[in-house]
Amino acid sequence: MPSYRRTAAVAASTLSAAALVGLTPTAAGAHGAVFNPVSRVAACYAEGPETPKSQVCKDLVADSGTQPLYDWNEVNIANAAGQHQALIPDGKLCSANREKYRALDWARTDWPSTPVAAGSFDFKVRVTAPHSGTMTVYITKAGFDPTQPLKWSDLDPTPVAVYDTTRTATDGYYGFTGTLPARTGRHIVYKVWQRNDSPEAFYSCSDVTFGAPAAASRVETAEAPTEAEIAAGSTLSTVSHAGHGGDEQPPALSAETTGAASSPLPLALTGAGALAVFAAGSLLLGRRRNSSAS
Ligand SMILES: [Cu+2]
């Protein structure tokens, strides 16, 4: 293929990739986190991103910096479209397979946890942006080993709560009642919130403890952020004011998204800008060929 035609083909495919990216939902604003039982990221945020108290939250900041905590209301996949198990491998459930949130996947038994008991439970979710959709909450099966990475097969297939979310939330909270089964010791409550007005979904792990904590236990009781703490950190969030965060991998749901992901050009380049870059590139290539030929 003559080089000008190849260049044109590459430009065309990149333009279509850019056009597809343009179609990706980019609703502004952040989303939320489970506050009862408190999710891992929210619990560490409540301790203070700059001065966490618990060892696990200190280690999270040492590993990943403070930004995951300031972005406590994210942990999303923009193009999930219900394909949760296809997009999130075993061991990556708490981070939603987001590198930014990798520390949340640590299978440690010292995550701050919420004491719970079998029976009716009032879930609370703080939403900084309410979305229409469905929140499905699971709990790990009896016998779950919290020292092992969380797998999909660890979750009891029967949800402990299912709640249809609306585009409004009273005082910024969703509240709904579920039923916790009988368990002993540490377990994980896993939430999947799938929007129905876009393919985006949100995920979280909340640590819970059934029964009296062991006498030697030094594990912190999880606390949810206060409204004052939420307000204090909001200017350092990259979520609230910048759409849906930066580093999620475009999920390989289709050839189109794969093409966009492998594009050598910054996706921000569109239309004339992309063409201009390609034109300049082909000119340079042409000059190099000419000089090497001579
Ligand atoms: Cu949102």
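**View 1. Val116 counts as partly exposed, with 19 C-beta neighbours inside 10 Å.** On this scale a residue is buried if 20 or more other C-beta atoms lie within 10 Å of its own, exposed if 12 or fewer, and partly exposed in between, with C-beta atoms placed from the backbone. The model is predicted: local features need pLDDT of at least 70, side-chain atom pairs count only at pLDDT 80 or more, and totals for chains, interfaces and linings use all residues. Residues are numbered from 1 along each chain as its sequence is written. Val116 sits in strand S3, residues 114-116. Helices (H or I, at least four residues) and strands (E, at least two) are DSSP runs, numbered from the N terminus. Leaving out residues up to four places away in sequence, Val116 touches Pro37, Phe121, Leu180, Val208, Thr209 and Phe210. Such a contact requires C-beta atoms, placed from the backbone, to lie within 7 Å. Pro37 is 79 residues from Val116 along the chain, yet their C-alpha atoms are separated by 8.4 Å.

**View 2. A cis peptide bond links Asn36 to Pro37.** Its omega is near -5 degrees. Pro37 belongs to the loop between S1 and H2. Asn36 stands opposite Lys124 in S4.

**View 3. Strands S1, S4 and S7 form an open antiparallel sheet, in the order S1-S4-S7.** S1 (32-36) and S7 (173-180) are the edge strands; each has a single partner strand, so one side of each is left without a neighbour in the sheet. From one strand to the next, the twist averages 30 degrees. For that angle, axes are lines fitted to C-alpha atoms (for helices, over the stretch in contact), and angles run from 0 to 180 degrees between N-to-C directions. Two strands count as paired if DSSP finds at least two bridges between them. Four bridges join S1 to S4. Strand S4 (residues 119-127) pairs with S7 over eight bridges. Strands of a sheet pair through backbone hydrogen bonds, either parallel or antiparallel.

**View 4. Helix H2 (residues 40-47) is mostly covered, with eight of its eight residues buried.** The buried set is Arg40, Val41, Ala42, Ala43, Cys44, Tyr45, Ala46 and Glu47. Their cover includes S1, helix H3 (55-64), helix H4 (67-70), strand S9 (201-210) and helix H6 (227-233). Val41 and Ala42 touch the most other members of the largest nonpolar core, which has 54 residues. A nonpolar core is a set of buried Ala, Val, Leu, Ile, Met, Phe, Trp, Tyr and Cys residues joined through C-beta atoms within 7 Å. Beyond residues up to four places away in sequence, Ala42 touches Ala33, Val34, Phe35, Trp72, Ala224 and Pro225. After H2 comes Gly48, with a positive phi near 105 degrees.

**View 5. Helix H3 has buried residues Val56, Cys57, Leu60 and Val61.** They lie on the same side of H3, because they cover an arc of only 140 degrees around the axis. The arc is that of the directions from the helix axis to the C-beta atoms. H2 is included in what covers these buried residues. Exposed residues Ala62 and Asp63 are on the face turned away from the buried side of H3. Gly65 follows H3, and its phi is positive, near 80 degrees.

View 6. Val75 is not a glycine, yet its phi is about 45 degrees. Val75 is in the loop between H4 and strand S2 (76-77). It is buried, with 31 other C-beta atoms within 10 Å. Ala96, also not a glycine, has a phi of about 55 degrees. Its loop runs between helix H5 (84-87) and S3. Ala96 counts as buried, with 25 C-beta neighbours inside 10 Å.

**View 7. Thr147 is exposed, with 8 C-beta neighbours inside 10 Å.** Thr147 is in the loop between strand S5 (133-139) and strand S6 (161-165). Neighbours within four places in sequence aside, Thr147 is in contact with Ala107 and Thr109. Thr147 and Trp106 are 41 residues apart in sequence and 8.7 Å apart in space, C-alpha to C-alpha.

Methods:
Two residues are in contact if their C-beta atoms, placed from the backbone, lie within 7 Å.
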